[in-house]
Amino acid sequence: MTAEQLISFARGAPSLDIVDVAGLKAAAARAFDADPAGVTAYGTSVGYVPLRKWIADKHRVTADQVIVTNGSLQADAFLFHHLVQAGDDVIVEKPTYDRTLLNLQNLGAKVHPVTIEPDGIDVDELRGLLESGVRPKLAHIIPNYQNPAGVTLSLEKRRTLLALAAEYGFVIFEDDPYVDIRFRGEALPSMLSMDENASVVHASSFTKTVCPGVRVGYLVGPAALIDAIAKKATNLYISPGMVSEAIVHQFCLSGDIDRSVQTVSAALGERAKVLADAIRTHIPGATFTEPDGGYFLWVDLPEDVDVDKLFSAAMKKGVAIVKGSDFLLEGGQHSVRLAFSAVTVDQIDEGVRRLAAAIDQVRA
């Protein structure tokens with residue numbers, strides 16, 4: 001591999017070699033054969049109805065509790081725009097997904113970041129905020145293999161969050177696009193499945209399990225809330241993309257989705273392990289929590305490494321990273337997020353070597 005070839009740890013997307021292109025082509029043919037009228041029509045704002053039903057069955061809810069959207073980021077945006085007004089308090093994880101921060105700031109929300117621990121959000125810190133008088137509209141939580149920190153919310157903390165939401169009257173937005181990409185440990189129940197007080201709205205996506213190009217995500221929540229969002233969706237775009245949703249439906253119906261999840265999880269599990277080993281070997285002083293699944297590994301570097309300088313130095317050496325400061329309102333100057341999803345195993349060690357050389361350069 002030459003130095004000119006960029007090795008990117010920046011993008012949370014699967015590499016082409018683990019996308020089931022043949023399965024998707026076959027699913028597309030079946031979709032057009034099985035339902036040409038439905039695939040080619042406008043459809044409705046709740047999404048492709050057979051896929052909506054498949055998602056409802058998966059989550060053991062009724063179809064009127066589901067809306068299928070153009071990717072889960074649009075599902076996030078629908079919920080934020082529906083619930084959050086300027087000046088409203090919102091809880092987020094610290095760090096959290098950069099576009100979550102951007103969307104909430106654009107709405108004028110008062111964002112309260114709560115520290116992430118190796119087993120998820122610090123519920124004692126959150127309780128302290130609530131006891132101090134903060135009354136959030138919602139708490140945005142990425143429970144499984146969090147982006148960017150890679151950590152998983154423990155079962156005990158899931159129970160605590162549900163209890164706090166019931167006591168203080170806020171919505172838990174369970175943003176869960178990575179849940180199926182698990183390569184270590186036991187799967188934990190979703191907060192949606194544990195919820196007895198209609199406190200949870202759940203979002204997920206087929207981006208990580210099928211491919212990003214389909215742009216199919218969804219929200220699951222109380223029927224009245226989903227209906228209100230569907231009315232806004234009608235005014236925004238009449239309906240999301242029926243073609244991609246029908247292809248995803250056929251991909252799911254055939255069982256190809258399960259094989260795709262196995263392929264992606266196995267590949268990413270190997271990549272995560274190789275990445276962790278390479279960091280231990282080449283970047284002494286770096287600390288991180290090894291993820292049990294997902295796409296990302298968050299690395300805290302020594303205090304004398306400034307990520308603004310490191311970002312530029314790394315790019316010059318042919319390796320792309322994302323600065324930790326992108327995921328925080330303040331802080332993160334000594335941290336980076338490394339995505340292992342789009343790099344093949346043979347690229348990882350070389351990429352970390354380049355990053356280590358860049359670190360040495362900015363510390364010199």
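Visitor: Which residues touch the most other members of the largest nonpolar core?
Guide: This is a predicted model. Its largest nonpolar core holds 46 residues. Those that touch the most other members are Leu-161, Ile-172 and Phe-206.

Visitor: Which residues does Leu-161 touch, not counting residues up to four places away in sequence?
Guide: Contact here means heavy atoms within 4.5 Å. With residues up to four places away left out, the partners of Leu-161 are Ile-121, Val-123, Leu-126, Ile-141, Leu-153, Phe-170, Ile-172 and Met-191.

Visitor: How many residues are in the other core that lies apart from it?
Guide: Another nonpolar core lies apart from the largest one. Its members include Ile-18, Ile-142, Ala-278 and Ala-356. Its residue count is 41.

Visitor: What percentage of the protein chain counts as buried?
Guide: Buried means under 20% relative accessible area. The chain has 364 residues, and the share that counts as buried is 55%.

Visitor: Why is the protein chain as compact as a globular protein of that length?
Guide: The chain has 13 helices and 14 strands. For 364 residues the globule rule gives 21 Å. The chain is as compact as a globular protein of that length because its radius of gyration is close to that value, at 21 Å.

Visitor: How far apart do the centres of the positive and negative side chains lie?
Guide: There are 34 positive and 46 negative side chains. The centres of the two sets are separated by 3 Å.

Terms used. Residues numbered from 1 in each chain as written. Predicted model: local features only at pLDDT ≥ 70, side-chain atom pairs only at ≥ 80, totals over all residues. Heavy atoms only, no water. Helix = DSSP H or I, 4+ residues; strand = E, 2+ residues; numbered from the N terminus. Rg over C-alpha atoms; globule rule 2.2 N^0.38 Å. Buried < 20%, exposed > 50% of the residue type's maximum accessible area, 1.4 Å probe, protein only. Lys, Arg positive; Asp, Glu negative; His and termini not counted. Charge placed at Lys NZ, Arg CZ, Asp CG, Glu CD. Core = buried A, V, L, I, M, F, W, Y, C linked by side-chain atoms within 4.5 Å.
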